[in-house]
Amino acid sequence: MAPQPPLLSMSGITKSFPGVRALDGVDLDVQAGEVHCLLGQNGAGKSTLIKVLAGAHQPDTGTIRWRGEDVVLRSPIAAMRLGIATIYQELDLVEHLSVAENVHLGHEPTTAGFVVRSGTAKASTAQLLKRLGHPEIDPARLVGELSAAQQQIVSMARALSHDVRLIVMDEPSAALDPDEVDNLFRIVGDLTADGVAVVYISHRLEEIRRIGDRVTVLKDGRAVAGGLPAKSTPTREVVALMTGRNVEYVFPERPADAPLGEPVLTVEGLSRQGEFAPLDLQVRPGEIVGLAGLVGSGRSEILETIYGARKPDTGRVLVDGRPLKPGSVRAAVRAGLGLAPEERKAQALLMLESVTRNVSVSSMSRFAKAGWIDRGAELGAARAAVRELSLRPDNPDVPVRTLSGGNQQKAVLARWLLRGCRVLLLDEPTRGVDVGARAELYAVVRRLADEGLAVLLVSSEVPEVLGLADRVLVLREGSVVHTAPARELDEHRVLDLVMEGSPAS
């Protein structure tokens, strides 16, 4: 009996944009019922390839075969009609519409060809949510009221509302806690058991081991390896293929224990009802303190309250012993605090502006003379900050939206360096950043601390907290359950604490 052809076969796919060859002869084969992982650094061509597969981009050359037949995917609708659905990292849901309306958007049940049958849409949506293991999500609820994990389930339900045979998932676990990731993997397992293929994109190599069957690695728009076994290919080999060099999973060496001086940042009894219990912490110059805990443990809320973006119910924040005005970002910045938030594109960066403007925006008073901005001084200062952090490309005139995730994060850090901040608050500093760029960011943060900066770090990746921080506070449900030097903890111990710990006295 002849072997079945791949469900999907992409051969010799090329795609160029002005001045950039994004894809250079890429091949990709996907079998029915498999999880095929797509790996590569930012800029490797992953996003362009999946947009070609989704019908959002037309390839310059190459062929696409679907179930053994040549096809042309002229639009996302054409791809969906064939059975190809794409769930992007930044979900394209309509927040002011209900769950059912989002699930059936564009193919609403009708009567007489034009009247939407909302009852039918709600009933079918409820069935899809039940299939996905989330019957508690109300089809009538507005999508904007749901958590990030619930919105992702809605996106999957929308894909399954079509006769989908292949689902592309782009960084699906980026905003999920460990329990939600486990549920995601259960859903993927159920889908593949039904013969649905999944193309899975993630920067987290440990996830590839758990969920993947085969791996294709992209580098500089080319497939440098295709069909590698996901569970048995050594991590070092995968990283070397992605980066073109061997990258060790090591963090910068911690400095030898030494007196660090008086605290720069002091938090006393800080709390917000329903978010986190009264908290005390100190960060000294040259020290990196990490907050470890699950999503919902209050980590980000603590950082935002220290920064003044949220007003505390109790307690106070002090910098160099001087209390800050509660709930005032302006007071925090003037005192020397800088925040690199989790959602840097939405909360930190001016995506349509240049790197220069993004770096200088918090220091504009330095460049103002008689009501005018000294553009030369602004550009010179931005250029110096960019070079100090080895931001690439080193041209500060380029729009920040054209940078990779790692370099966008460097632009945020450069802003606070230019401002002369003394306390750096980092919320998920490597989210959406590829393996090679992560190592660079770790080195940057460690160097800044060694130069006297006080750093307070939040990350959902426990190894990142343990590898980068000097001291760790473990959070569970808004309370600190354990505090210890990072070298005295390991990942299993931290996970035990966040799952079963009780508030420490």
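The model is a predicted one, and I read every value below as computed from it.

**Entry 1. Strand β13 and its partners**

I started with β13. Strand β13 (residues 265-272) pairs with strand β14 (residues 276-283) in the antiparallel sense, over five bridges. Within this pairing I found Val267 opposite Leu281 of β14. Three residues lie between the strands of the β13 and β14 hairpin, and Gly274 takes a positive phi near 80 degrees there.

I then looked up the pairing with β16. β13 and β16 are antiparallel too, with five bridges. Here Leu265 stands opposite Val319 in β16.

Is β13 enclosed or open? I count it as largely enclosed by the rest of the structure, because six of its eight residues are buried.

**Entry 2. The six-stranded sheet**

I noted an open sheet of six strands with mixed pairing, in the order β18-β21-β22-β15-β23-β24. Its edge strands are β18 (337-340) and β24 (479-485), each of which pairs on one side only. From one strand to the next the twist averages 15 degrees. As background, I keep in mind that strands of a sheet pair through backbone hydrogen bonds, either parallel or antiparallel.

I went through two of the pairings. β18 and β21 run parallel, with four bridges, and Leu339 has Leu425 in β21 as its bridge partner. β21 (residues 423-427) is also parallel to β22 (residues 454-458), joined to it by five bridges.

**Entry 3. Cavities**

How many cavities of 30 Å³ or more does a search of the whole structure find? I got four. The largest cavity has a volume of about 80 Å³. I listed 14 residues in its lining, with Thr305, Val317, Lys325, Pro326 and Gly327 nearest its centre. Two elements give two or more residues to this lining: α9 (299-307) and β16 (314-319). β16 gives the most, three residues. By type, I divided the lining of the largest cavity into seven nonpolar, five polar and two charged residues.

**Entry 4. Helix α9**

α9 is mostly covered, with eight of its nine residues buried. The buried residues in α9 are Arg299, Ser300, Ile302, Leu303, Glu304, Thr305, Ile306 and Tyr307. Just after α9, Gly308 takes a positive phi of about 95 degrees.

Asp220 has a positive value near 55 degrees and is not a glycine. I placed Asp220 in the loop between β11 (214-219) and β12 (222-229). Asp320 also has a positive phi, near 55 degrees. Asp320 is found in the loop between β16 and β17 (322-323).

Are these two aspartates buried or exposed? Asp220 counts as exposed because its relative accessible area is 55%, where the cut-off for exposed is over 50%. Asp320, with 36%, is partly exposed.

**Entry 5. Cysteines and one asparagine**

I searched the whole structure for disulfides and found zero. Cys37 has 0% relative accessibility, so it counts as buried. Cys421 is buried as well, with a relative accessible area of 9%; the cut-off for buried is under 20%.

Asn358 is buried, with a relative accessible area of 0%. I also took one distance: the C-alpha atoms of Asn358 and Val283 are separated by 27 Å, and the two residues are 75 apart along the chain.

Definitions and conventions: Residues numbered from 1 in each chain as written. Predicted model: local features only at pLDDT ≥ 70, side-chain atom pairs only at ≥ 80, totals over all residues. Heavy atoms only, no water. Disulfide = S-S within 2.5 Å. Buried < 20%, exposed > 50% of the residue type's maximum accessible area, 1.4 Å probe, protein only. 1 Å grid on protein atoms, 1.4 Å probe; cavity = no way out; pocket = protein on both sides within 12 Å on 5 of 7 lines; lining within 4 Å. Points joined across faces, edges and corners; volume = space filled by probe spheres on them. Nonpolar A, V, L, I, M, F, W, Y, C, P; charged D, E, K, R; others polar. Pairing = 2+ DSSP bridges. Axes fitted to C-alpha atoms, helices over the stretch in contact; angles between N-to-C directions.
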